Amino acid sequence: MAGRSLPLKTERLAVLVSPEEKATLHARAEALSISTGEMIRRAALAYRPSDQAAESEIVLEALVDELIAAAKEARQALNSAEKELRATLRTLREV
């Protein structure tokens, strides 16, 4: 490679994997005739979250907001029902 120098790889990044995952990664890298580190580096640098994943996250956030609102409404309805029930019980005791 005349005139072109590759940047030195001087930084280390530790990633914990299970023994099975390590063996799988090593086997895949070996099949590609590259180091496990090079394969993981290429895969990580090529990773781009899909628009579908981003859209799913937006939908999930909206659902969470709706669930929180529904839970608040349910709590208010239960509190109201409890008040009515207590008033009814007081009335029945007086009879």
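**Exercise 1. Find the partner that Glu38 meets in a salt bridge at 2.8 Å.**

Step 1. Start from the term: a salt bridge is a side-chain nitrogen of Lys or Arg within 4 Å of a carboxyl oxygen of Asp or Glu.

Step 2. Now look at Glu38: its salt-bridge partner is Arg41, and the closest N and O atoms are 2.8 Å apart.

Step 3. Helices here are DSSP runs (H or I, at least four residues), numbered from the N terminus.

Step 4. Check the surroundings. Glu38 has 21% relative accessibility and so counts as partly exposed; Arg41, at 33%, also counts as partly exposed. The scale runs like this: buried is under 20% relative accessible area, exposed is over 50%, and partly exposed lies in between (1.4 Å probe, protein chains only).

A word on the model before you go on: it is predicted, so local features need pLDDT of at least 70 and side-chain atom pairs count only at pLDDT 80 or more, while totals for chains, interfaces and linings use all residues. Residues are numbered from 1 along each chain as its sequence is written, and side-chain values use heavy atoms, with hydrogens and water left out.

**Exercise 2. Work out how Glu38 and Arg42 are placed in helix H2.**

Step 1. Their side chains meet in a salt bridge, 2.9 Å from N to O.

Step 2. Count along the helix: the two are four residues apart in H2, so about one helical turn separates them.

Step 3. Arg42 has 48% relative accessibility, and therefore counts as partly exposed.

**Exercise 3. Describe the salt bridge between Arg86 and Glu82.**

Step 1. Begin with the distance: these side chains meet at 2.9 Å, N to O.

Step 2. Both residues sit in helix H3 (residues 51-94), four residues apart, or about one turn of the helix.

Step 3. Arg86 is partly exposed at 48% relative accessibility, and Glu82 is partly exposed with a relative accessible area of 37%.

Step 4. In total, the structure holds three salt bridges.
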